[in-house]
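Hello,

Please find below the structure I said I would pass on. My notes follow it.

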Amino acid sequence: MNQGQSEPASATGYVSNADLGGQDGHGTVHPEPEGELFHAAWEPRVLALTLAMGATGLWNIDTNRAARETLPNYRELSYYRIWLEGLTKLLLQTGAVQADEISHSRAVHAAVATRSVLHAGQVAAVLARGSPTSRPSSSPARYALGQWVRTRSAAPRHHTRLPAYARGKRGIIERVHGAHVFADTNAQGLGEQPQWLYTVAFDEQELWGETTPRQHATVSVDAWEPYLEPA
Amino acid sequence: MSGPEHDDEHQHGSLSTTELRVRALETVLRQKGYIDPAALDELIDTYQTKIGPRNGAQVVARAWCDSEFRRRLLEDATAAIASLGFSGRQGEHMVAVENTPEQHNLVVCTLCSCYPWPVLGLPPTWYKSAPYRARVVKDPRGVLGDFGVHLPETVRIRVWDSTAEVRYLVLPQRPAASEHLSEHELANLVTRDSMIGTGLPLKPGGASTAHTSP
């Protein structure tokens with residue numbers, strides 16, 4: 001058992017099925033050559049549909065990740081199936097599409113208002129611009145390079161980006177990235193609420209205990225300030 | 001349990017259930033005016049032919065040849081990479097991490113599939129798969145072994161879990177005996193995996209520069 005293991009996420013009412021770091025039993029990795037991007041003809045369509053619908057502004061990247069990670073059958077799905085199921089879920093949740101339209105393969109209900117439609121001529125510029133998440137900071141950074149911190153141990157009842165393996169662990173601030181859109185609030189529709197973002201590095205024994213064979217490794221996560229407390 | 005790669009796609013000469021679902025969804029989204037079909041084709045073409053790991057290879061080769069560029073890359077990777085024309089979606093906030101004789105860097109996203117698209121394109125299937133995401137933070141040397149890479153214990157492994165919107169690019173070590181090569185020839189030695197950290201650059205003349213511990 002890991003020391004300092006926090007309560008299981010299932011006790012909190014929000015379950016991410018995507019938080020895989022440190023789990024045993026998933027087997028070996030199967031490398032693939034550089035050019036192999038897709039394994040079925042529908043996969044690039046799902047990629048493009050997801051990117052195009054992202055441009056409508058009906059949801060943000062964090063609500064999108066929350067929709068995917070809470071799919072009950074996440075772990076049985078291939079990656080682009082996860083994208084397809086996540087996209088379908090968001091379309092239904094926002095009312096952009098209704099279930100009878102998907103089953104009949106035909107638009108039946110009026111469209112909801114969207115911010116924009118991505119047209120072919122805009123693709124290169126929209127991709128090149130991206131969606132930066134850095135924001136002006138309203139307060140000074142609480143932590144400085146080289147400072148020891150401890151990550152929060154409780155699993156929140158909502159989407160978060162602190163992996164379970166890094167909860168309640170002591171680490172050191174290795175980089176300060178400025179203030180960024182806070183994924184936890186943005187995913188819940190509570191706004192961007194920018195927070196300072198840090199790279200926090202952990203010794204392997206802090207993460208996995210002393211019984212796990214040493215790898216001579218250090219692991220870091222990127223953590224927003226609310227994930228951290230002084231150590 | 002069968003792996004996700006083999007889940008539901010049985011196409012016996014007809015369209016799979018998933019294929020039909022995707023087509024239905026695309027039809028509805030088009031009819032409702034949410035999407036421009038030409039934009040879908042443009043997006044796919046972009047990631048199949050324009051944005052991929054050859055972009056990152058150019059960045060690495062430039063850093064190997066130009067010490068001032070290397071310095072800028074390590075200091076502000078987003079700006080340095082943008083100066084070569086690569087920027088934007090899923091690479092808005094770049095950090096370059098340099099391999100040295102003492103440290104080997106590895107990049108993962110244990111929570112989903114975060115990956116530096118402007119320089120590496122779309123992530124490979126293994127990068128998004130449970131075995132890589134689960135194991136690389138706990139057993140990085142085992143994962144490197146799956147890729148045929150064996151590093152001596154004296155080389156410290158540094159794993160970067162991309163849990164926010166910062167994206168990491170590994171700057172591999174320049175292969176030995178490559179002094180005579182042009183920047184373009186050097187770029188051909190830079191593999192996608194060497195920029196994720198699961199591989200090493202090719203040696204001049206062909207093979208990977210994997211140094212196996214005795």
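**Domains and chain contacts**

Chain A is divided into domain 1 (42-129) and domain 2 (134-230), with bounds that come from an automatic or database domain assignment. The model is predicted: local features need pLDDT of at least 70, side-chain atom pairs count only at pLDDT 80 or more, and totals for chains, interfaces and linings use all residues. Residues are numbered from 1 along each chain as its sequence is written, while chains are lettered from A and ligands numbered from 1 in the order in which they are written.

The centres of the two domains of chain A, taken over C-alpha atoms, are separated by 29 Å. Five residues of domain 1 are in contact with four residues of domain 2 (contact: C-beta atoms, placed from the backbone, within 7 Å).

Between the chains, the contact takes 77 residues from chain A and 72 residues from chain B. On the chain A side, α1(A) gives the most, with ten residues. Helices here are DSSP runs of H or I with at least four residues, and strands are runs of E with at least two, numbered from the N terminus.

The axes of helix α3 (residues 79-93) of chain A and helix α1 (residues 17-31) of chain B come within 12 Å and cross at roughly 40°. Therefore α3(A) is oblique to α1(B) (under 35 degrees is roughly parallel, over 145 roughly antiparallel, 65 to 115 roughly perpendicular, the rest oblique). Axes are lines fitted to C-alpha atoms, for helices over the stretch in contact, and angles run from 0 to 180 degrees between N-to-C directions.

Regards

Conventions:
Contact = placed C-beta atoms within 7 Å.
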